[in-house]
Amino acid sequence: MSSFVLGGHASWRRTALAAALSVGLAGVAMAQSNASGVIFGQVQANAGSSIRLENVDTGLNREIAVDQNGRYRAASLPVGKYKVTLVKDGVAVEARNNVSVQVGTGIDVSFGGTTAAASAQNLEGVSVIASALPAIDVSSMDSRTVLTSEQLEKVPVARNVTAAALLAPGVVLGDSRYGNVGSFGGASAAENQYYINGYSVTNSLTGIGLAQLPFDAIDQQQVLTGGYGAEYGRSTGGVVNIITKRGTNEWKAGAAAYWIPEALRSAPRNIIQPSDNSLYQYRHDNTSWSTEYGAYLGGALVKDKLFIYATADLLKQNGQIVAAGPDKAGNSSVNYYDLKTTRWLAKVDWNITDNHIVEFTGFSDKSNENDQIYDYNYGTHNSGAKRGTIDLKNYDGGAGATPGGEYYIGKYTGYVTDNLTVSALYGTSKSDHVQDPASNGGGACPYVTGSYVSGGTVFNPPKCYLVGTVLAPGAKDKTHGGRLDIEYRLGSHDLRVGLDDQTLESYSGTAYEADQRYSYAKAPASLTVPSRHLVFPAGTVNLVDYRVFRAAANVKVEQEAQYIEDHWQFADNWLAYMGLRNEQFSNFNGGGEIYAKQRHQLAPRLGLSWDVFGDSTFKVYANAGRYHLAVPSNVAIRGASASIYSSQYGTFTGIDATGKPIGFVPYGDKVYLNAEDGTTPDPRTVAAKGLGAYYQDEYILGFDKTLGTDWTFGGKVIYRDLKNIIDDMCDTRPFEKYATRNNIDMSNAVLNGCYLFNPGKGNNFLVDMTGNGDFREFKLTKDDLGFPDLKRKYLALDMYLEHRFTDQWFGKLEYVLSHSFGNSEGLLKSDIGQRDPSVTQDWDAPELMVGANGPLPNDRRHQIKAYGWYELNQEWLFGANVLVNSGRPKNCIGVTPDDPINYGEAYFYCDGHYNSRGSEGRTPWTYQLDLSAQWKPAFANHQLAFTADIFNVFNQQEVLSRQDLGETAPGTKDPVYNRPISFQAPRYIRFGVKYDFSL
């Protein structure tokens, strides 16, 4: 019997969209509790018909009745391959094999005339492979990329989630000072959400980064860069949704090993000081050796019922990093590091019945690093005496604490009726973080900076400290949360409601090493320190500023949300989506009190899809939505909880071996900077009254079109407008002016160092007028505060061309023309690599915002991405990945003549005038080509694979980020200006061997 080919019966099918939508299949990711997909379709002869769906790997069966219009829809299906069979009067008459369900997508499987198929006894004779199904999901309205495990094995990418996400359009690598994280659609790198099997694994303290899993455990990785539906929230950047592999009826096992040898890794570029073309940091020897070993096992404990999948990875990396030396002839250090990361994942799936499914996932991501610190001589490029050790646990000394830890997730899905589906999920996590420096003396040394004069010669004090500022002992994060989703089909409407709650708790903070910092300086000729009203005695040669800083607290954020959505087919070719999400955020300080709260933050989401020809070959769609973001937990540690930051000037007679002053004599009063005196601020005074939530509006207009049977192309326009943010203001002048204007006595008033507020608007604050809880409301207008309107806008044109896998090859080409501009990056300030989400330097005072408008740090005007593979035969496969980006905007940040807030090098002011953001040009374009080859020898039945990947084939090492600090004083160039901070990773080669077999 001849096989049935979809697309040959358009005359009966009406439209694929009609089939999808009249039964409620929706766009806007339709994410099905973040972890499933949909099969829908239409049947010509439908009287007494039903559709039987069988997961070919697990035996899960569902049978769905065909409605009176000949349509059906099966929602919330676990991802995987299915056999879809048309059943008429109890007899199977036609089938489709290898129907692949992907996360958050719908696939049209329709059935035409049944004359030929009705007499079929062998259903395999009328099966159709998945590639014959429509290439366009006409029901979706979002900006989405789904990467399967098969694709990730065939394309050369680094083995981590961020590297895979960079294949999606509009995703660029964030500033290197935040670690290996991405920026989505112009937003800061702290505005994304990451999910594994439906549970958020985003960094609970800062929102920067995510917990990783064994890379080969990824079954599908969905990257949403806009337009997602009401079930998603807490993101104004992007969403990465990962579905892991699971056990099947066939027992399978395998093992793999990967090596990145040091000998085949190119040396990184040295960093040159642009001011005098001298060597700032020697990096030629900063190479490393990396290995990764993994294994997995999966299968059925009870056929068709109970399944298990388990996998584990051990990653090792060792190498060295030479630090920059303040004295290039010596006085630097080298770090010999040994990093071990262990990751495991275990998943149990229980098909209690075909209508009730339970799954449990546990996974762990833990890293331990030991750093051996030695003196380093720049003159000889040799190490010297050992200075000490640093032990790190789930902590990146450069980018801060990483999520890591252990996660446990349980989920239930119930197909109560053909029209009613219920799913419930609950998860928890816990992660410990350690940064423990120990000098050779066995204890921590004080943080020492500056220089002093002795005998007319300038000396640097001894520096035995290893870090300077360290993580608080006992730092840890934990989360718990759950969601409930209910979906009901009612005629041409598909209704969905849900609850989505998660609580994030952290104990974290920082302190000076040994709780002390000594900043040495030669006494000024005037012997005065005007900012402190100090006049030192005649004959004073040197001064020291003795500071103590400690800020640590237990903090918490409670995030709650409810949503409702309707997918409604109001005409054969048209689908409308209407959604509404209601967010609530509560932020708690170290005393367990709420200091910021947003209730009833309504986020409407609207979408429209038009299946132009009714045959899934041409789709036009539009989308509009609002997206909210909570204040991160880290804000409370210093801004809303007890912290100490004191400064005491003094003189000294000598300096000991640790750099601590001998004979220290205090001079003047101890001052608590930023009002951080060890007491907890009253939570009512930390933030403006009625603090509005962080939110963004977004609009998308796009199309997708097939070209013949093998090609698809499309494009979309995306516009994002950040409407409101939360940041801190550290300026008391508006309060003082308000008091003067309204004849208010401020002599006993208690003013905080900083306040959370909504920039660019009027804000009302409570001020304690006596220190005894006698509050008065200060109603400060926008003019009182003096800040400009908030502005962050993102406009992008995304065009793509894709060749589906046929004729032995797959390829995709994407071009994005975009512009991210305004006066605020959002939660972060990449200009200076500030790692304090939602409390950036930007809005501390109005003068800092003069000239701040322009292209933002994540603006990459042009992006070109291309990836694919070619299967020469069953043994040989070749892959390629190309990434081209235009450069990042450059700034000049200096000091104004009056420096009204004593911030020093913090203004967009250089060369005697204000310079607008991005006015200093751009970093170079970057080009990268990655290639891979895979050999699966026939003598091993193609179960053994040898792989080789070459990353950055041409060893391009262009500058990715550089110093924007331009002047240390008006007219005085900062020697660091334009100095590179990071480059493209040098060329390296990864070898691998993997063996997969059935038991």
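User: Where does Asp 859 lie?
Analyst: Asp 859 lies in the loop between strand S54 (854–855) and strand S55, where helices (H or I, at least four residues) and strands (E, at least two) are DSSP runs numbered from the N terminus. This is a predicted model, in which local features need pLDDT of at least 70 and side-chain atom pairs count only at pLDDT 80 or more, while totals for chains, interfaces and linings use all residues. Residues are numbered from 1 along each chain as its sequence is written, and side-chain values use heavy atoms, with hydrogens and water left out.

User: Is Asp 859 buried or exposed?
Analyst: Asp 859 is buried, with a relative accessible area of 0%; buried means under 20% relative accessible area, exposed means over 50%, and partly exposed is in between, with a 1.4 Å probe and protein chains only.

User: And which residues is Asp 859 in contact with, leaving aside its neighbours within four places in sequence?
Analyst: With those neighbours left aside, Asp 859 is in contact with Ser 818, His 819, Ser 820, Gly 887, Arg 888, Pro 889 and Arg 922, contact meaning heavy atoms within 4.5 Å. With His 819 there is also a polar contact of 3.4 Å between the two side chains. A polar contact is a pair of N or O atoms within 3.5 Å; within protein, one must be able to donate a hydrogen and the other to accept it, and residues adjacent in sequence count only if both atoms are side-chain atoms.

User: Switching to cysteines, how many disulfides does a search of the whole structure find?
Analyst: The search finds three disulfides, each being a pair of cysteine sulfur atoms within 2.5 Å. With the bonded cysteines of the protein chain numbered in sequence order, the pairing is 1-2, 3-4, 5-6.

User: What does Cys 445 join to?
Analyst: Cys 445 is joined to Cys 464, with an S to S distance of 1.8 Å, and the link is left-handed, with -110 degrees about the S-S bond. Cys 445 lies in the loop between strand S27 (434–439) and strand S28 (447–450), and Cys 464 in the loop between strand S30 (457–459) and strand S31 (469–471), so the pair ties together parts that are 19 residues apart in sequence. Both Cys 445 and Cys 464 are buried.

User: Which hand does the disulfide of Cys 730 and Cys 754 have, left or right?
Analyst: The disulfide of Cys 730 and Cys 754 is right-handed, because the torsion about its S-S bond is about 105 degrees, and the S to S distance is 1.9 Å. Cys 730 is buried at a relative accessible area of 17%, whereas Cys 754 counts as partly exposed at 25% relative accessibility.

User: What about the link of Cys 892 and Cys 910, which hand is it?
Analyst: The link of Cys 892 and Cys 910 is left-handed, with -90 degrees about the S-S bond; the S to S distance is 2.1 Å, and Cys 892 and Cys 910 are buried.

User: On to charges: how many salt bridges does the structure hold?
Analyst: The structure holds 60 salt bridges, each being a side-chain nitrogen of Lys or Arg within 4 Å of a carboxyl oxygen of Asp or Glu.

User: Which residue does Arg 741 form a salt bridge with?
Analyst: Arg 741 forms a salt bridge with Asp 784, the closest N and O atoms being 3.1 Å apart. Arg 741 lies in helix H8 and Asp 784 in helix H9 (residues 782–785), so the pair ties together parts that are 43 residues apart in sequence. Arg 741 is partly exposed, with a relative accessible area of 48%.

User: Last one: which residues make the nonpolar surface patch?
Analyst: The patch, of about 820 Å², is made by Leu 707, Trp 711, Leu 801, Trp 809, Leu 813, Ile 864, Tyr 870, Leu 872, Trp 876 and Phe 878. Strand S53 (809–822), strand S55 (862–871) and strand S56 (876–885) are the elements that give two or more residues to the patch. Patches are made of residues with over 30% relative accessible area and no salt bridge, like charges being joined within 9 Å and nonpolar side chains (Val, Leu, Ile, Met, Phe, Trp, Tyr) within 5 Å; the areas come from the Shrake-Rupley method with a 1.4 Å probe, and for residues only the protein chains shown count as cover.
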